[in-house]
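I opened a new structure today and kept notes as I went. Here is what I looked up.

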Amino acid sequence: MEQPRDGVVGIGRDRLDLEAALELDREVAARPGPVVVDLARATSFTGAGAAALIHLLRERGTEVRFRGASEDLKRYLRELPLSEIVAADCLGCGIEEEPLLATAGGGFFELVAAARYFVALGLELAYWTVLAPFRGVKLRFGKLVTELNRIGVDAIPIVGLIAALMGVILALNSAGQLRAYGAEKYTANLVGIALTRELAPVITAILVAGRSGSAIAAEIATMNVSDEVDALRVMGINPRAFLLVPKLLAITLAMPVLVVLSSLVGIAGGFVVAVFGLHIPFEVYWEQTIRALHVQDLVLGSAKALVFGALIGLTGCTLGMRVKGGATGVGRVTTTAVVTSYVLVILANTFFTLVFFMAGW
Amino acid sequence: MGRAGEPVVEVAGLRFSYGDDRLVLDDVDLEVRRGEIVTIMGPSGCGKTTLLRVLVGLELPDGGSVRVLGQEVGDLDEDTADRFRRRVGMCFQFGALLNSLTVGDNLALPLREDARLPEDLVSVIVRSRLAQVGLQGVEAKLPNELSGGMKKRAGLARALVLDPELLFFDEPTSGLDPVTAAGLDRTILDVRRRTATTMVVVTHDLPSAFTISDRIVVLIAGRIRAIGAPKEIEACDDPAVVEFVRRRASAAASDGGEAIIARQFD
């Protein structure tokens with residue numbers, strides 16, 4: 001930096017770049033009152049350097065004067081909307097945070113709107129499953145089969161694996177406790193009932209929510225942000241009937257099948273551990289399982305699964321259709337869909353268990 | 001198809017906002033007559049895409065009247081909206097082709113909604129529409145395999161597939177090089193020559209607007225500042241229109257900057 005005279009700050013480099021500008025900024029900030037910035041030495045400039053001069057104009061207003069600026073630099077500044085940039089209160093580069101109350105209020109209204117959409121979509125699902133077949137309305141079977149494959153068939157390996165392991169864990173834990181009372185053979189009852197009535201529906205729902213609920217939300221949200229859903233609307237194709245209903249139907253129908261399968265595989269897992277690991281005789285385990293399990297248990301488990309499937313599907317579809325913002329929005333609704341599905345499934349399961357308990361089922 | 005020259009879009013006193021207090025469209029009046037190409041032009045964020053979305057019924061107006069093809073778009077219920085939309089076509093900015101379907105299936109989608117059409121006829125229509133926009137042999141490709149210009153052409157072919165009476169375009173040439181953009185302009189004019197379709201185009205591409213338009217609407221900050229034939233817009237003396245159309249800083253803005261330089265630069 002050159003030794004400045006009083007009130008004059010000189011640029012110490014040939015080039016007015018960001019480094020030179022930062023030095024100028026420091027020098028000028030150290031001098032209260034009117035100041036002259038001598039730019040004569042700078043034969044060239046960069047955009048960042050020129051921007052720093054505008055920053056000085058914003059900070060010091062008419063207190064700052066510039067001399068020796070090259071014609072190039074002046075021309076560059078003339079081409080900018082200089083007066084607007086200098087006068088603007090905030091350049092608006094940062095994202096303004098909304099006041100807390102406004103955020104909470106907006107969140108509440110969004111929740112109400114989403115809940116209304118969720119219910120309307122639920123009614124539409126009911127229409128398509130219960131009424132439409134009798135009214136001769138065309139259901140998109142091709143799409144339904146594709147979705148059934150994606151949501152149901154493709155999920156079988158992971159659902160089977162987790163169910164088998166759950167059976168193993170249940171059998172080992174319960175046998176350990178029951179052995180103390182010489183009641184090891186009741187391991188079969190515990191594994192069978194716990195799996196069919198509670199664990200298989202809930203664990204399968206959690207897997208399906210993570211696998212397919214998230215995929216539904218992400219796919220529909222992506223289609224929304226890339227205008228694909230609007231394109232369907234403009235073509236006169238109802239996006240709910242075209243996109244959402246096949247997915248909703250598929251997930252609702254796939255869940256009970258997956259749950260029955262998961263119950264059976266889980267029981268088989270428990271069976272293998274009990275018979276080969278804990279040496280409970282094969283016939284005893286088999287007989288106990290048959291005695292403990294009623295068709296009613298499988299039916300109740302499947303009924304729950306049906307509702308869980310609908311809840312997961314409706315959550316994914318609702319959030320996907322109500323996405324806001326681009327890629328960030330898609331990511332947000334995807335995680336929200338999974339978490340919301342978990343909460344709804346556990347709430348619904350608590351409700352079912354209470355009702356079944358009070359009804360003595 | 002109705003008479004040439006009769007109004008197909010009639011907008012009066014249209015107001016629209018996205019939930020907050022800021023009006024995106026403020027007291028917009030507009031008439032588009034059958035067979036003409038009207039371009040809505042304006043800087044980014046002036047409300048032109050919103051106006052298009054209102055016209056096509058994707059957004060509901062807050063106030064005023066919007067009649068398109070004789071229908072009040074604010075009053076459409078779901079069934080009439082679907083029927084109405086099958087009479088209009090829309091080309092989205094980025095094509096909005098369904099990425100999970102092939103280009104051919106994208107075009108066939110609205111046709112297959114009509115169960116009376118045999119699959120063979122559907123495929124003939126698809127191929128001929130693709131050929132019309134200069135795309136051949138891409139039926140089996142996925143949209144992601146096409147270039148930006150090809151996606152826009154495919155989007156145009158899909159919009160044409162139901163023989164719409166009215167065609168809307170959202171930024172048809174944005175993101176295209178000048179040669180491809182000029183090619184798309186020629187395609188648009190070619191489609192109009194053959195089908196006499198009415199077109200409403202939203203763009204900020206000046207050369208394109210002046211090439212294809214019968215009339216140009218200049219929309220600035222949600223208000224219409226000028227309507228007229230391209231020559232009339234060029235001759236318009238409204239400073240805001242001059243700034244946009246001639247791509248020159250307006251007198252007010254440059255004076256402000258000049259004043260600072262004159263005052264504070266020796």
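My entries follow, starting with how to read the model.

**Ground rules.** I am working with a predicted model, where local features need pLDDT of at least 70, side-chain atom pairs count only at pLDDT 80 or more, and totals for chains, interfaces and linings use all residues. Residues are numbered from 1 along each chain as its sequence is written, while chains are lettered from A and ligands numbered from 1 in the order in which they are written.

**Domains of chain A.** I looked up the domain assignment, whose bounds come from an automatic or database source. Chain A has domain 1 (8-87) and domain 2 (100-359). Over C-alpha atoms, their centres are 64 Å apart.

**Where the chains touch.** I took contact to mean C-beta atoms, placed from the backbone, within 7 Å. On that basis, 25 residues of chain B meet 27 residues of chain A. On the chain B side, α10(B) gives the most, with eight residues. Helices here are DSSP runs of H or I with at least four residues, strands are runs of E with at least two, and both are numbered from the N terminus.

**A helix pair in chain A.** I checked α10 (residues 239-277) and α12 (residues 295-321) of chain A. Their axes come within 8 Å and cross at roughly 145 degrees. Axes are lines fitted to C-alpha atoms, for helices over the stretch in contact, and angles run from 0 to 180 degrees between N-to-C directions. L244(A) and I251(A) of α10(A) are among the residues making the contact, as are A305(A) and F308(A) of α12(A).

**The sheet in chain B.** I traced an open sheet of six strands, in the order β6-β7-β8-β3-β9-β10, with mixed pairing. Strands pair if DSSP finds at least two bridges between them. β6 (88-91) and β10 (223-228) of chain B are at the edges with a single partner strand each, so one side of each has no neighbour in the sheet. Neighbouring strands are turned by 15 degrees on average, direction ignored. β7(B) and β8(B) run parallel, joined by five bridges. L166(B) is opposite T198(B) in β8(B).

**One residue in the sheet.** I picked D170(B), which sits in β7 (residues 166-170) of chain B. Is D170(B) buried or exposed? D170(B) is buried, because 24 other C-beta atoms lie within 10 Å. The cut-offs are 20 or more for buried, 12 or fewer for exposed, and partly exposed in between, with C-beta atoms placed from the backbone. D170(B) and V202(B) are 32 residues apart in sequence, yet 5.0 Å apart in space, C-alpha to C-alpha. Beyond four places in sequence, the contacts of D170(B) include T49(B), C91(B) and V202(B).

Methods: Two residues are in contact if their C-beta atoms, placed from the backbone, lie within 7 Å.
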